[in-house]
Amino acid sequence: MNAQSTINASGRMAGKERLVVIGNGMAGCRAVEEILAACPDRFAITIFGAEPRVNYNRIMLSSVLAGERSFDEIVVNSEDWYTDNAIKLIAGDPVVHIDREAQQVVSRGGVIESFDKLLIATGSDPFVIPVPGKDLGGVVTFRDLDDVEAMLAAANTSKQAVVIGGGLLGLEAAHGLSLRGMEVTVLHLMPTLMERQLDEAAGFLLKSELEGRGMTILTGADTGEIVEADGKVAGVKLKDGTEIEADLVVMAVGIRPNGTLAKASGINVERGIVVDDHMVTSDPNILAVGECVQHRGACYGLVAPLWDMCRSLAARLAEQPKGYKGSVTSTKLKVSGVDLFSAGDFSGGEDCEDIVMRDASRGIYKRVVVKDNKVIGAVLYGDTQDGNWYFDLLKKEEDVSEIREALIFGQAFASGGVSLDPKAAVAALSDDAEICGCNGVSKAQVVGCINNGANSVDAVRSTCKASASCGSCTSLVESLLALTLGDEVEESANTMCGCTSFGHDHVREAIVEREFKSIPEVMQELHWSTPDGCSKCRPALNYYLLCAWPGEYIDDQKSRFVNERLHANIQKDGTYSVVPRMWGGVTNPRELRAIADVTEKYNARMVKVTGGQRLDIFGIKKEDLPAVWADLNAAGMVSGHAYGKSLRTVKTCVGSEWCRFGTQDSTGLGIKLEQMSWGSWMPHKFKMAVSGCPRNCAEATIKDFGVICVDSGYEIHIGGNGGIKVRVTDLIGRVETEEEALELSAAFIQLYREDAWYLERTAPWVERKGLEWVKSQLFDDPATVPALAERFRHSQSFSQDDPWAQRAAGERSDLHSHVGSIGAGPPTDGAIKQVEPAE
Amino acid sequence: MNAPDWVSVCSKNAIEPGMAGTVPVDGGPEIAVFHTIGGDFYALVNSCPHKGGPLSQGIVHGDSVSCPLHNWRISLRSGEALGDDEGCTPTIPLKVEDELIWLDRAVILAEQRA
């Protein structure tokens, strides 16, 4: 249904009051969601948004900047939501005037909308410190997607960034820019980071952690001016004279409620738009929610209060006023790998008791502040598992004198000392305890949606949105699932798929230890809940069995993705592309001629040089594949496995043979690596490269396995990825000879083959297991590398048959031909086309 | 609705369990004939309701198939997209008789005109 079609010319839907919302952000849209839930048919709704896009989760912008998420993944309400609820969205056209007399708003583009009720949700503006140079090109704030895009563009071309502001937002910006490869300096006016949320000790731990990641943190740094060169930012000069070079400056010093429009129309605005407990402004027909408001003297810049406000607003409109009484807030920092939680007041004082626990070796610091036997503040660093529990005690103002002794050890100990079960901890949370901070979902709401049939984390995510944003509450949601549904969702954390309650590691171990030799056997013995699995677990099991029993397990074609079954890449139009192997990226006239001939003979539509230095022939029909392979085989070429979870290519530069900088024969080593490892099945695609010198022309530092040749030998790098999330390799060692490089490659590949989860590339695998673990597996015992390499060679002795040759010779021709055909003529009994019965 | 115009297309042994065979049609859309691991047969137009992916090349599990292009799961019984997705691929009446697979040609040809 089209929104506009249901609205008549005056903009008024028959029998409905007109609600106009100024602000298409988190508060505005959340308020509309609550209103639709509380009184679904009361309003015809129009939303004005200043940004030309649908409603998205602003607090996840830091994840977009860090490359952990795409914009699509942080959209809260897609276009369908507006359409389905007949909401008229006017995006990219901000309201510039409110006429309270006429009850109309006017947009910059001249759109006029009348209202019965007006909701202002204009949020806040980033604060820009008034120093010389603040308007230069290259100075940005961190508030909306445009800012993120400006930062991403800068990160592509620039090297050095200065982030002014060491609060939540500034540090998330700094983290994102650092992950994007920039050298980042954070300038913070106060002596410790995040001083509003952290005490000195936690601030110090955070500073050390960020410095350990390569950022420079300057505290007590007072910005004097932003320095210009050629009309652009060149650096930042502090008041003490220090100068820091920069081609990007991010101002993230704070936000200010945006009450400009409200003030101009005569609504009472102090620091923010003044509202009562029902979110009503000084004009009874005008409401306001979110960061733009001031309630009981307080303005909020966090998400949780916003949900409370929206609920109060909707309750009031539904004539069931509950009233908003203000919010106690808690904070988590969205910087991957830094666990940090803070809530309430931790400034301490005379009648406050501080309970502190430090575990230096594990990098854990916890501090709970108690006053009059009640928790009034908590700071957790390194282990934030009990954050929700402390926050709950704080909000409830519960008397903790009974559990005072064990309070600092967390809920498991404090609530009896008998149970270390995380489920018990979650069970003890109150119904209105917040589970998902991103989407403002309480425990009662999650349990409600589980009781209504959501029996997996994914189902909970799509129903009530808990854990659908940053994901930091996933373990809480899992515990609630386990608690509510009992054993039905046991081990849901990393289960292979919905068909089993077991995770990848458990299944792999069972295959080896209990000697399972077929997919049906695994499914039977491990109690699969579906008759024959699904498209997720079947390819994984096929791989695990193949890896565990080389030469013994018989590959299951029906559990292979089409690309591997047909040894070619399926393309969007259902045709295939074919990539012959070019060892080390080297080819010759004979091979080029064969590729040219195949291209013409089978009417291929394009030949493309791939990112891995191979030639890809596009537009081949399924039926023609065996003939194409036969022709390429005749020229001595074999399958490039460009379609498989297997070794793809080994990229090389020309090395010492031609290059004036080359230190070793990188092309030769690349060819040897490829000839050693081609045809091997892997958990995911696997790419290698060899660069002849540290100039790294073959880009070996973003490959799964990379070699950089140096004068003294070979640097060995692992775990790189040039894909969705770029990751630079880790150096794991240096070797002197080609033989050692080859041996280490074989050992590393086998370790990855035997340990990683199916569809897990080396980069996330190395991060999950830890670089130290990988190193220890390879180097702790001098016997390991030869043993792993030997297992790889054993496996390779069965898998280095060219799949093209077998198919071109007629094997499995049934996969390429039709089983029969239907003509247009009249039906006859003899319409059957003769086919060979399958085995 | 007219009586079925049954036409035999292949021996039931031509398609191994867990796989699918394709049947081109003069003047009609290509048909995919599925043989489930459990031993049942189904026929669908060989085109995913999402972006037209060749369903015959997908992974067959239970009584559904996952499209090879974007992993939509399509019911072999109803042709409907399962899970959160929406859309439907036409199903073709099928019977197994005398060790042969029979399809209703009238329905197939009607699909082309529709």
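## Chain B

In this predicted model, chain B contains 1 helix and 10 strands. Read from the N terminus, the order of its elements is β-β-β-β-β-β-β-β-β-β-α.

Chain B has 114 residues, and 54% of them are buried. Taking the contacts in chain B between residues at least 6 apart in sequence, 40% join residues at least 24 apart.

## Chain A

Chain A has 26 helices and 36 strands. It consists of 839 residues, and 52% of these count as buried.

Among the contacts in chain A with a separation of 6 or more, 62% are between residues 24 or more positions apart.

## Helices H22 and H24 of chain A

Two packed helices are described by the angle between their axes and the distance between the axes. Helix H22 of chain A covers residues 738-755, and helix H24 of chain A covers residues 771-779. Their axes come within 11 Å and cross at roughly 120°. Angles of 65 to 115 degrees count as roughly perpendicular and those over 145 as roughly antiparallel, so the angle makes H22(A) oblique to H24(A). The crossing of these two helices is right-handed.

Which residues make the contact between H22(A) and H24(A)? From H22(A) they are A:Leu744, A:Ala747, A:Phe748, A:Leu751 and A:Asp755. From H24(A) they are A:Trp773, A:Val774, A:Gln777, A:Leu778 and A:Phe779. Sorted by class, the contact has 8 nonpolar residues, 1 polar residue and 1 charged residue.

## Helices H12 and H13 of chain A

A second pair in chain A is formed by helix H12, residues 443-451, and helix H13, residues 457-464. The axes of H12 and H13 are 10 Å apart, and the packing angle is about 115°. This angle makes H12(A) roughly perpendicular to H13(A). The crossing of H12(A) and H13(A) is right-handed.

On the side of H12(A), the contact is made by A:Gln445, A:Val446, A:Cys449 and A:Ile450. On the side of H13(A), it is made by A:Val460, A:Thr463 and A:Cys464. By class, this contact has 5 nonpolar and 2 polar residues, with no charged residues.

A:Ala378 sits in strand S25 of chain A, which spans residues 374-381. Is A:Ala378 buried or exposed? Its relative accessibility is 1%, so A:Ala378 counts as buried. Not counting residues up to four places away in sequence, A:Ala378 touches A:Phe341, A:Ser342, A:Ala343, A:Arg367, A:Val368 and A:Tyr390. The C-alpha atom of A:Ala378 is separated by 6.4 Å from that of A:Phe346, a residue 32 residues apart from it along the chain.

A:Thr599 belongs to helix H19 of chain A, residues 589-601. With 13% relative accessibility, A:Thr599 counts as buried, because buried means under 20%. Leaving aside neighbours within four places in sequence, A:Thr599 is in contact with A:Ala604, A:Val607 and A:Ile617.

## Residues in loops

A:Thr737 is in the loop between strand S36 (730-735) and H22 of chain A. Its relative accessible area is 31%, and A:Thr737 is therefore partly exposed. In sequence, A:Thr737 and A:Gly713 are 24 residues apart. In space, the C-alpha to C-alpha distance between A:Thr737 and A:Gly713 is 6.2 Å.

A:Met279 lies in the loop of chain A between strand S18 (273-275) and strand S19 (286-288). Phi of A:Met279 is near 65°, a positive value in a residue other than glycine. A:Met279 counts as buried because its relative accessibility is 0%.

B:Glu99 is found in the loop of chain B between strand S9 (94-97) and strand S10 (100-104). Phi of B:Glu99 is near 65°, again a positive value in a residue other than glycine. B:Glu99 has 48% relative accessibility, so it counts as partly exposed.

Technical notes. Residues are numbered from 1 along each chain as its sequence is written. Chains are lettered from A and ligands numbered from 1 in the order in which they are written. This is a predicted model: local features need pLDDT of at least 70, side-chain atom pairs count only at pLDDT 80 or more; totals for chains, interfaces and linings use all residues. Side-chain values use heavy atoms; hydrogens and water are left out. Helices (H or I, at least four residues) and strands (E, at least two) are DSSP runs, numbered from the N terminus. Buried means under 20% relative accessible area, exposed over 50%, partly exposed in between (1.4 Å probe, protein chains only). Contact means heavy atoms within 4.5 Å. Axes are lines fitted to C-alpha atoms, for helices over the stretch in contact, and angles run from 0 to 180 degrees between N-to-C directions. Angles under 35 degrees count as roughly parallel, over 145 as roughly antiparallel, 65 to 115 as roughly perpendicular and the rest as oblique. A crossing is left-handed if the near helix is turned anticlockwise from the far one by less than a right angle, and right-handed if clockwise. Ala, Val, Leu, Ile, Met, Phe, Trp, Tyr, Cys and Pro count as nonpolar, Asp, Glu, Lys and Arg as charged, and the others, Gly among them, as polar.
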